Amino acid sequence: MKKSNIRVATDVGGTFTDLVCFETDVETGKHSVVTAKSDTTPPDFETGVLNVLAKGNVDPSEVSFLAHGTTVIINSLTERKGVKVGLITTKGFRDSLEIARGNRPDFFNLHYQKPIPFVPRYLRRELPGRMSYRGKESEPLDMALLPNILSDFKSEGVEAVAICFLHSYANFAHEKTAMSEVQKLWPEVAVVASHQITREWREYERTSTAVLSAYVQPAAEKYLQQLANGLKKKGFKGSPYIMQSNCGVDSLESVSRIPITMVESGPASGFWGAAELGKLINEPNVLALDIGGTTAKCSLIENGQVRIMTNYWIERDGKSAGYPIMVPVVDLVEIGNGGGSIAWVDEYGKLHVGPQSAGAIPGPAAYGKGGIEATTTDANLKLGRINHDYFCGGSIKADMKAANSALNNVGKKLGITSTEAARGIIRIANNNMINALKLVSLNRGFDPRDFVLIAFGGGGGMHAVDLAQELGVKKVVVPAAASVFSAWGMMMSDLRRDYFVTHLADLVDGAASNIEKGFSDVESQAISQFKSEGIEKKNIKFTRYGNFRYKNQEHTTEVKLSDGKVSDEQISLIEDEFHKTYEHEYTYRLDMAVELVGIHVVATTEVGKLTMKEMPNQKTDESEARKGEREVDYALDGIHQAILYDGEKLMPGMKLIGPAIIEDSGATTVIHPGNKVYIDGYTNIHIEI
């Protein structure tokens, strides 16, 4: 009889692949935690997963549940490592993909160039046939041209076909027919139709989503299959669950069909973990910050709820409109600032940090792998914030000669010392992250002072107090095993699917039956899909949201609906809730009619979610965790002699006061002078500012 239950989560990041393993004794309920990190191994990402399992001494044959998050999708898109795609669309609409939107961010640049479409014009083809916006066929689909189109695609080396027809969100019969015929005529090619991914309107966004999904599908399918095969060879008897961008996991088979849903799976798991941790420590309002080796990502969690949206764009910045992907993604802001972000001086003598990153190879100069550019990590080492004798948990001997040389080069360009350059790098990196946190809070009508900052990732605890002081946040929480917290978040996730469907209805008397039918139809579809995978209706939980707007506005505001059927009595309550939500976000409300534009249904079921148990306070004094002292440069807070603590020896109930540095094998937490710290029953670090 099995005496322990072993659950594992792995997260492939841009620099490291992380592991969290929970082993629970079936009889006593006690659990032990193993964490590990290893280098990410592009392009064979599955190798890094197997490596980190071995490094953590985890035997896959003993694992009962495995969740996996990956950057393979976003990397394939941003590095242009997908396949050649052919697009089939409605006659007269082959150029929708290139016309795009008139939302150029560099508005006054008369030489602005739109982003180059992923499918060139000669690979965009048309078929006659038309659906109306209400889903009625106005012109039959004519398939006569399809064999020649596919023949041309073959001769051009196309490896994936995307299909997107006009108004298929209302009726996808034409898309389904065309997809079946392509699969019949060309069984080897990957085929993606827009209705498989989204049922929301907006022609350009749906077309872009179908194209980008087709672009990454062969590589993603191959990767997931190699991962499954590699785990099977090592003895894993189950099938891994794959983390999606909507903060839930899904089956490997389901995700393989639509891999674009993994586009932000790594960040999503971290933010879901922050929401779950907030509930555990009775802090439902959270600013979540994930600082990794390459990027910093942040999201706002209100009342324990992570906000999910479909208005997601990649490569969107001050000079490019980017590319839309209409899939459920956690609402986040991501910037190119992490531990490996490179510091550089422009032609005007101004210091910048990021977005370029040293990555894992060669990495920061201190890695000793040939890196010559100064990074945020090098600056933290120089200022004593990171222990150069315990760099990366002692697994790497910090090359301080190379780090000092890199910082000297920056300092010379600015006419300052290497120490002053290091301080400048830290301050600019902090400022970049503060701006990102403001985008998810102040810019959306939220006061950061009403939230707790939960900071994780390898660099989260390093910068969190600086950021909190600037924003006025009263408390910072650094989770236990913060460096692998995104992997921990996967252990807290349910199997989740988000259904977005365009559904138009005015919020007037008598509209309830129409709205209820829309929700019921979507839920029936979900029940059918789950049933085909062996999941019973009684185990599915539904949460309803509506996307509303003032009549004839362009964009919508999402409102959570109460449980139960939509009734005539609820219509006025829903309208009141919309007014409140709209006013909170935009600071005003209008005396206008309100209409429902879209339905959002979240369907979840538990598939091995971890249950955490709080430990009682120990009587151990904080002195038991002390490991020495070190001079630390706190930049704006001056230079102080800081007490060093071994993070693995911190016990529930311990209290300490800054200046201090908490070190564990994967992360460092910087405690500023005067900060009060206590360790909770889950061994999370609470820092009062």
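Lys 655 is exposed, with a relative accessibility of 62%. Exposed means over 50% relative accessible area, buried means under 20%, and partly exposed lies in between, with a 1.4 Å probe and protein chains only. The residue belongs to strand β31 (residues 655-657). Strands (E, at least two residues) and helices (H or I, at least four) are DSSP runs, numbered from the N terminus. Lys 655 touches Glu 622, Val 677 and Tyr 678, leaving out residues up to four places away in sequence. Contact here means heavy atoms within 4.5 Å. From Lys 655 to Asn 435 the C-alpha distance is 32 Å, and the two are 220 residues apart in sequence.

This is a predicted model: local features need pLDDT of at least 70, side-chain atom pairs count only at pLDDT 80 or more, and totals for chains, interfaces and linings use all residues. Residues are numbered from 1 along each chain as its sequence is written, and side-chain values use heavy atoms, with hydrogens and water left out.

Now turn to strand β4 (residues 63-69). Of its 7 residues, 6 are buried, so β4 is largely enclosed by the rest of the structure. Strand β11 (residues 241-243) runs parallel to β4, and 2 bridges join them. Two strands pair if DSSP finds at least two bridges between them. Ala 67 has Tyr 241 of β11 as its bridge partner.

Next come the nonpolar cores. A nonpolar core is a set of buried Ala, Val, Leu, Ile, Met, Phe, Trp, Tyr and Cys residues joined through side-chain atoms within 4.5 Å. The largest has 119 residues, and Leu 453, Trp 488, Ile 515, Phe 548 and Leu 650 have the most contacts inside it. Helix α11 (residues 418-440) gives the most to this core, with 10 residues. A second, separate core holds 75 residues, including Ile 6, Leu 19, Leu 87 and Val 211. Back in the largest core, look at Trp 488. Beyond its neighbours within four places in sequence, Trp 488 contacts Val 20, Phe 22, Gly 273, Leu 277, Leu 280, Leu 610 and Met 612.

On a 1 Å grid over the protein atoms alone, a cavity is a set of points where a 1.4 Å probe fits but cannot get out; a pocket is an open set with protein on both sides within 12 Å along at least five of seven lines; lining residues have an atom within 4 Å of a point. Points are joined across faces, edges and corners, and a volume is the space filled by probe spheres set on them.

The second largest pocket has a volume of about 860 Å³. It has 34 lining residues, and His 195, Gln 196, Ile 258, Gln 525 and Gln 529 are the closest to its centre. Strand β25 gives the most to this lining, with 6 residues. By class, the pocket lining has 11 nonpolar, 14 polar and 9 charged residues. Ala, Val, Leu, Ile, Met, Phe, Trp, Tyr, Cys and Pro count as nonpolar, Asp, Glu, Lys and Arg as charged, and the others, Gly among them, as polar.

There are 2 cavities of 30 Å³ or more.
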